[in-house]
Amino acid sequence: MTAAFELAQVNIARLKAPLDSPQLKDFVDNLDPVNADADAADGFVWRLQSEEGDATDISVFGDEWLIINMSVWRNTDALTAYMYQGRHREMLARRREWFEKVQEAMVALWWVPAGHRPTVAEAEARLLHLRANGPTPYAFTLRTSFPPGAAQPVFGEVPEGLGCSV
């Protein structure tokens, strides 16, 4: 049986230095292995990528210092299992070395019909909505998520220091 909905996620980050700088070498060197881990993860469906195999050259909000990661997963459990273990967790713990700390939401989740592949414009709209309204069924976080079609939030556990503060 196929689910009617899948979970879309977007996260953006503001670089501290150019991608080809020595400061970002470890981050760039780990992009392919981390993406391969995602591709092989249970519950992974799709990720945004250019012909280079990642999304580092895809523009978001028209800002050359922002990079985007967007993917679709079977559900929040599958996304959480991937995010907070193995190589991805190690990279997530080091994110302050490579990315500016910002106060606004940089991560948003939302449900899409199974088979739908979200666009960057759609992701931008979801992030802006989350920033303006907090978690709602239209755009939410792992800490405060919503099942497909639900109006009541579900509060989740996110490892300390690794999740979105919104």
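Tutor: Leucine 128 is partly exposed, with a relative accessible area of 44%, because that class lies between buried, under 20% relative accessible area, and exposed, over 50%, as found with a 1.4 Å probe on protein chains only. This is a predicted model, in which local features need pLDDT of at least 70 and side-chain atom pairs count only at pLDDT 80 or more, while totals for chains, interfaces and linings use all residues. Residues are numbered from 1 along each chain as its sequence is written, and side-chain values use heavy atoms, with hydrogens and water left out. Leucine 128 belongs to helix α5 (helices are DSSP runs of H or I with at least four residues, strands are E runs of at least two, and both are numbered from the N terminus). Its C-alpha atom is separated by 9.2 Å from that of alanine 108, which is 20 residues apart from leucine 128 along the chain.

Elsewhere, salt bridges that share partners join Asp26, Arg94 and Glu97 into one network.

By this rule the model has nine salt bridges. In one of them, aspartate 26 pairs with arginine 94, with 2.8 Å between the closest N and O atoms. Because aspartate 26 lies in helix α1 and arginine 94 in the loop between α3 and α4 (95-98), the pair ties together parts that are 68 residues apart in sequence. Aspartate 26 is partly exposed, with a relative accessible area of 35%, and arginine 94 is partly exposed as well, at 27%. Another salt bridge joins aspartate 39 to arginine 47, again with the closest N and O atoms 2.8 Å apart; here aspartate 39 is partly exposed at 37%, whereas arginine 47 is buried at 10%.

Turning to the interior, in soluble globular proteins nonpolar side chains tend to be buried together. A nonpolar core is taken here as a set of buried Ala, Val, Leu, Ile, Met, Phe, Trp, Tyr and Cys residues joined through side-chain atoms within 4.5 Å. The largest such core has 27 residues, and those with the most contacts inside it are Trp73, Leu79, Tyr82 and Phe99. At least two residues of this core come from each of β1 (5-14), α1 (25-40), β3 (66-73), α2 (76-83), α3 (86-93) and β4 (107-113). There is also a second, separate core of 21 residues, which includes Ala55, Ile58, Ile68 and Leu127. Leucine 79 touches Leu7, Gln9, Trp73, Leu109 and Leu142, not counting residues up to four places away in sequence, a contact being heavy atoms within 4.5 Å.

Among the aromatic residues, rings of Phe, Tyr and Trp (its six-membered ring) pair if their centres lie within 6.5 Å, with planes under 30 degrees apart counted as stacked, over 60 as edge-to-face and the rest as tilted. By this rule there are seven aromatic pairs. One of them, tryptophan 73 with tyrosine 82, is stacked, at 5.3 Å centre to centre and 25° between the planes, and both tryptophan 73 and tyrosine 82 are buried. Phe27, Trp98 and Phe99 form one aromatic cluster. A charge also meets a ring: arginine 126 lies over the face of tyrosine 138, at 3.9 Å from the ring centre, the criterion being NZ of Lys or CZ of Arg within 6 Å of the ring centre and within 35 degrees of the ring normal.

Two polar residues in strands complete the picture. Serine 71, in strand β3, is buried with a relative accessible area of 5%, and its side chain makes a polar contact of 2.7 Å with the side chain of tryptophan 73. Such a contact is a pair of N or O atoms within 3.5 Å; within protein, one must be able to donate a hydrogen and the other to accept it, and residues adjacent in sequence count only if both atoms are side-chain atoms. Leaving out residues up to four places away in sequence, serine 71 touches Leu7, Ala8, Gln9, Phe44, Trp46 and Arg47. Glutamate 6, in strand β1, is buried at 13%, and a polar contact of 3.2 Å joins its side chain to that of arginine 117.

Note on methods
A salt bridge is a side-chain nitrogen of Lys or Arg within 4 Å of a carboxyl oxygen of Asp or Glu.
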